[in-house]
Amino acid sequence: MKYDQFTKNMPWMMPMVNPEHIQQLQTEFTENFRQLMLQASQGSLPPVKDRRFSSEAWQQNPQFSALAHLYLLSASTMNKWVEQLEIPDASRERLRFSITQWLDAFAPSNFFALNPDALKAFQESKGESLQKGMANLMHDLKKGRITQTDETVFEVGRNLAITEGSVVFENPYFQLIQYKPQTPTVHETPLLMVPPCINKYYILDLQPENSMVAYTVAQGHTVFLVSWRNPLPEDKDDIQNATWEDYIENGVLKAISVVSDISGKEKINALGFCVGGTMLACALAVARKRGQDPVAALSLLTTFLDFEHTGIMDVFVDEAHASLREQQLGQGGLLTAAELGTTFSFLRPNELVWNYVVNNYLKGQSPAAFDLLYWNADGTNLPGPFFTWYFRNTYLENNLKKPNYLSISGTPVDLGLLDMPVYIYASKDDHIVPWDSAYASTHILQGPKRFVLGASGHIAGVINPPAKNKRHYWVSSAETEQVFPVSSQWFDNTRQVQGSWWPDWSEWLASHAGKKVRAKKTAGNGTYPELEPAPGKYVKVKAV
């Protein structure tokens with residue numbers, strides 16, 4: 001039997017790469033290598049744009065410059081080879097991710113003897129840079145993670161999360177913070193913010209100049225915020241067994257009830273960020289099915305409701321992984337902050353891993369103080385049953401968007417019941433929640449919608465205060481928002497606006513927040529008195 005007949009009858013035995021494509025790649029690599037060596041011998045290698053190799057030390061030394069060019073040529077060839085493979089797209093994505101991890105790890109810049117910047121620092125400091133680098137490495141090995149910022153500069157409650165307010169409610173899942181009004185009058189409809197429980201809430205309240213909480217309070221809103229508990233292995237109250245249902249019933253829905261009671265408003269406004277937005281939408285769908293309508297206007301920031309396309313996160317999603325996690329954590333235990341942090345860092349390894357390996361260890365530098373990176377390192381643990389339910393029913397099976405497929409405490413979940421006005425924000429370069437997936441929420445939610453696309457990524461795009469006038473955003477160019485079948489069609493009908501998207505959202509929120517009334521001088525009420533000053537104790541608990 002001829003080979004082509006054999007493979008036709010047994011398609012799984014077919015070659016993974018077309019031989020002609022292999023030959024083409026070999027020929028292309030050989031020619032590019034020849035040209036590279038010729039340019040190196042003539043001293044005419046062009047500057048390398050990749051920032052790992054763009055310094056003078058790399059450019060001025062012919063050997064190191066040639067090494068950088070050869071590495072980039074080899075990496076490009078490897079990536080082209082992955083693209084030529086005749087395999088399913090899901091397998092290609094996993095292979096591409098794995099190849100990228102190895103290529104980034106083995107970049108010559110990550111090795112002391114192959115990094116001219118590190119060698120120069122060693123020579124100029126007479127060896128002190130490497131000595132400091134080894135001290136940095138030993139410190140991080142004891143800590144169990146790479147230091148990305150000067151953590152001695154920041155402290156929650158001292159210079160982070162310092163917007164004035166009070167904790168007015170507490171249960172085993174969260175503390176509720178009510179912020180003190182900063183204006184004589186406020187909109188009569190309060191705003192509840194629901195951040196992700198995967199991270200701590202103060203990404204929304206970093207420092208005064210970049211605090212979304214402080215900005216919203218200054219715009220005349222009474223702001224409440226959920227501060228999720230950080231479960232620890234030694235906790236004895238069964239928090240390690242908490243489920244998605246627990247977080248919806250005793251977390252989001254309870255927070256909405258308390259805010260309504262304190263404010264005296266039957267309907268409040270609500271904002272959800274990332275996983276917090278997914279939880280908020282789920283909770284509101286449950287409330288609607290129960291005949292309740294507690295939220296007047298909804299804001300969703302970088303939020304999945306439709307998990308059909310999850311971007312780079314797809315490489316972790318399959319039945320084997322879900323089943324393993326359910327076996328490990330489904331009946332209790334904690335998914336640790338360390339594991340979550342490592343996973344997210346290696347989604348962008350050059351920026352969040354190898355950059356610090358080079359600077360901290362090879363060059364002996366100390367990282368600069370950066371509040372966002374301090375927050376990024378201040379992670380939280382997650383109850384295992386909560387995580388495994390979330391992983392299977394969203395990332396793996398995309399069940400949340402299926403009407404009445406899932407139930408919370410016996411109540412079917414139908415996101416299509418949500419018909420309140422909604423403001424949906426996405427970030428164009430978001431690798432956690434791809435913006436076209438955030439746009440897919442416009443096909444699920446039934447009320448009036450405003451979709452806004454900001455520049456930058458998952459966090460930097462959201463935390464973009466107006467005073468700095470940085471970046472830009474896109475909004476619909478039509479007077480009336482139109483829902484397009486695909487996100488690219490929406491983008492083709494937009495206009496770009498310079499600066500922060502916050503004022504656009506603030507104007508939208510004000511239009512749904514009612515008239516202005518005199519601001520209350522005290523937080524809470526008789527049923528829910530002030531318990532302690534913000535930021536409260538939950539946010540200060542460190543993961544171990």
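Trainee: Which residues does Leu 334 touch, not counting residues up to four places away in sequence?
Mentor: This is a predicted model, where local features need pLDDT of at least 70, side-chain atom pairs count only at pLDDT 80 or more, and totals for chains, interfaces and linings use all residues. Residues are numbered from 1 along each chain as its sequence is written, and side-chain values use heavy atoms, with hydrogens and water left out. Contact means heavy atoms within 4.5 Å. By that rule Leu 334 touches Pro 231, Leu 232, Pro 233, Gln 240, Leu 329, Asn 381, Leu 382, Pro 383 and Gly 384.

Trainee: Is Leu 334 buried or exposed?
Mentor: Buried means under 20% relative accessible area, exposed over 50%, and partly exposed in between, with a 1.4 Å probe and protein chains only. Leu 334 has 16% relative accessibility, so Leu 334 counts as buried.

Trainee: How far apart in space are Leu 334 and Pro 383?
Mentor: Leu 334 lies in strand S8, residues 334-335. Strands (E, at least two residues) and helices (H or I, at least four) are DSSP runs, numbered from the N terminus. In sequence, Leu 334 and Pro 383 are 49 residues apart. C-alpha to C-alpha, the distance in space is 4.7 Å.

Trainee: Which residues touch the most other members of the largest nonpolar core?
Mentor: A nonpolar core is a set of buried Ala, Val, Leu, Ile, Met, Phe, Trp, Tyr and Cys residues joined through side-chain atoms within 4.5 Å. The largest has 126 residues. Those touching the most other members are Leu 176, Leu 192, Tyr 202, Met 279 and Trp 501.

Trainee: What is Met 279 in contact with, leaving aside its neighbours within four places in sequence?
Mentor: Met 279 is a member of the largest core. Its contacts are Cys 197, Trp 228, Trp 244, Tyr 247, Ile 248, Val 252 and Phe 386.

Trainee: How many residues of H10 are buried?
Mentor: Helix H10 covers residues 275-289. From first C-alpha to last it reaches 21 Å, close to the 21 Å expected at 1.5 Å a residue; the expected span is 1.5 Å times one less than the number of residues. H10 is largely enclosed by the rest of the structure, because the buried count is 14 of the 15 residues.

Trainee: Which residue with positive phi follows H10?
Mentor: The phi angle there is near 85°. The residue is Gly 291.

Trainee: How many disulfides are there?
Mentor: A disulfide is a pair of cysteine sulfur atoms within 2.5 Å. For Cys 274, the nearest cysteine sulfur, that of Cys 197, is 9.5 Å away. For Cys 282, the nearest is also that of Cys 197, at 12 Å. The count comes to zero.

Trainee: How many residues apart in sequence are the parts that Arg 288 and Asp 419 tie together?
Mentor: Side chains of opposite charge can pair when their charged atoms come close. A salt bridge is a side-chain nitrogen of Lys or Arg within 4 Å of a carboxyl oxygen of Asp or Glu, and Arg 288 and Asp 419 meet in one at 2.8 Å, N to O. Arg 288 lies in helix H10, and Asp 419 in the loop between strand S11 (411-412) and strand S12 (422-427), so the parts tied together are 131 residues apart.

Trainee: Which residues do salt bridges that share partners join into one network?
Mentor: One of the bridges pairs Glu 151 with Lys 143, the closest N and O atoms being 3.7 Å apart. The network joins Asp 140, Lys 143, Arg 145 and Glu 151.
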